[in-house]
Structure formats: structure tokens, C-alpha cells
Amino acid sequence: MQFARTLPKELVHRAAIAEVFLTDAERLSEDEMRLAAQLPRRHPFYGDAVAPRSHHDPLLLLEACRQGIFVVAHRYLDVPLDHKFLLRTVEYEVSDPDALTCGDTPAEAVVGVRVEHRIRNRTGVTGLRLRFTAAIGAREALLARIDYSWMPPQEWSRLRAGQRRDLGLCDPPVALPGQTVEPGRVGRRDRANAVITPPRTSPDGVRTARLVAETTHPTLYDHWVDHVPGMLELEAFRQLALIAAVDEGAVRAPTALPVRLRARFRCFAEMDLPLECRTAPVVPGADIECTLHQPGALVAEARVGFADRDTAGRTEVLAAPASAAHR
């Protein structure tokens, strides 16, 4: 596979070439494909860290997989480029954290893709469940699954108009402002990469913060969408869970890697409604449960697990039940 140039940005639904991480794709059989990705060493979002970045952010590799869902749909199932996409579930597990160690050159990943399930209605296939196996060099780095669906733009417009009308919202949406948490608390140097407000902690250990949607963010809002993107929701979960893990002593520092994540998206997150992110009380040795709420609805839910790094840069994975990415 080639790593010399990126795939067309339109194919992966990106506006900026710098945000395209896939460089090649090939079909191996009816249900199997292979992708190539180059991971930048100093990405302004995924590479932003309070300490020298020793490992690539697992969410960077997940983003490469997410870009792959569009390649599979458009290139191999002939889904038109103007169709709209919905994330339904996302899960991943870092099988070898040290495979994500940063080197002196951009990492080159090869991602195997398998179609596990096709979602159908009377018009044909309208969605997929894909399994991803990402390797960097000879080492398997990450296993992931993504369930997603698509629809024509006119159907999308009816769906969005119906939800916003039911919520009493007008068009166009304007994101609610908010002062974000100090970036160091969520492992960041750049305040622009902090996406939650300073959290509150209840007596029973529940932490609550509001998601802040900054629509000028060059990565999380690479192009305009009329709702909160799924990857921004995952980042809010990561940041609040990380604060909880550090405060409760589950990890030593906010440089811990998010090595496990399972998330389900239940409805659109509206940027012009308050979006409250919560964590359940931290349970030693278990992944941290998170939920995202807007008035009248549970928007999304997730479980996040972290791995600390010792002074030599190696990772120490915290004990937790095996992810369904292995099943």
C-alpha cells in the first residue's frame, strides 16, 4: 500500500487536506478491505499534550478508522457522495499500547476492515457494522468496531427539521458559549483543545461538566455541521473521565492514554441546547461510565478506560473487563 499521498478529501468528508489521514484503500473480497494511514507526529489537536508526546493518541487512529467508513460506503458500495452519515456505536481497544510509541517519522498504519453486518431496508443497504484491525509495522495496535448508517440529503433534512422542531429550536443553530476548563487538567497545552467546562463533583462522586462546542475548531469542526459531531462527544467523555480518574487516583497524571472506549449515540446533540456530560463514581479497576444529556434526552453514553505511563514511557494498562472489540 502507498503512503505518498492522501485519499481525496471529499471521499473521507474532510475540508482540510491536513485532516485526511488515509493514504490508500483496496478491496480484498466482498467483505474485506484494507486501508493505509499516516499518523502525523505533531497534530495540533491529537498531538497536543502537557508533556512530550511519547505515544500517538488512540483517538487519532480511531479517526483514521472513522474516515474509513466513508471510503467503504462511497468507493465499494456506491453510496453517493452527497449522502449524510450517522454514527450509531463506536468501540475500540488498544491491543498493544507500545505499538503507538511515537518515532522520528510519521507512523504508517495498515488497517484491515471487515464487514460484519449490513443494515437493510426495502431500498437496499443503508448501513454497516465494520470491524477494524490496525497495525503499525508488525505490531497490532488497535481493534475497533463502528456501526453507522446513511441516508439521502432530503431524508436527512426532514429528520433534522423534525428533531429541532420537537425541541422548539430554530435555524440556523448557534453554539452556546462557555468557559472551558484549564487545559492542563485534561492533558492539553492549548485551551482551544479543552472541550468541557470546569467540572462539579457531587458528594457521591458524580462529576458534571458542560460540553462546549467551538464551531471554529479546525479539527473537531473541520467543516460546518448543524449538530455536535460524534468525535467531539467522545472527546468530552475522554476529558471528563480523565479528570475523574486523576482526582480519584486511578491514574497518576492527565497524560494517561485512553486505551478502551465503548460509546452509543442515541440522538443528535444540539449545540444550541445545554449539553451536560456526567461520569459515574470511579470504581477502582473498572472503566469509567459517562453520559451526555440535553434537556429531555439522553444523547450518548460511553465507558472509557485508561493506561498510565511510567517514567520510561511504557504503558501500564489498568485492569478492566475485556472489550467487545475482541468478541
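This briefing looks at the protein chain as a whole and then at two of its residues. The model is predicted, so local features need pLDDT of at least 70, side-chain atom pairs count only at pLDDT 80 or more, and totals for chains, interfaces and linings use all residues. Residues are numbered from 1 along each chain as its sequence is written, and side-chain values use heavy atoms, leaving out hydrogens and water.

**The whole chain**
- Of the 327 residues, 52% are buried, where buried means under 20% relative accessible area, exposed over 50%, and partly exposed in between (1.4 Å probe, protein chains only).
- The C-alpha trace spans about 55 × 50 × 35 Å along its principal axes.

**Asp 57, on the inside**
- Asp 57 sits in the loop between strand S2 (32–39) and helix H1 (58–76).
- With a relative accessible area of 2%, Asp 57 is buried.
- Its side chain makes a polar contact of 2.6 Å with the side chain of Arg 238; such a contact is a pair of N or O atoms within 3.5 Å, and within protein one must be able to donate a hydrogen and the other to accept it, while residues adjacent in sequence count only if both atoms are side-chain atoms.

**Thr 216, on the outside**
- Thr 216 belongs to the loop between strand S8 (207–210) and helix H3 (230–247).
- Thr 216 is exposed, at 63% relative accessible area.

Notes. Helices (H or I, at least four residues) and strands (E, at least two) are DSSP runs, numbered from the N terminus.
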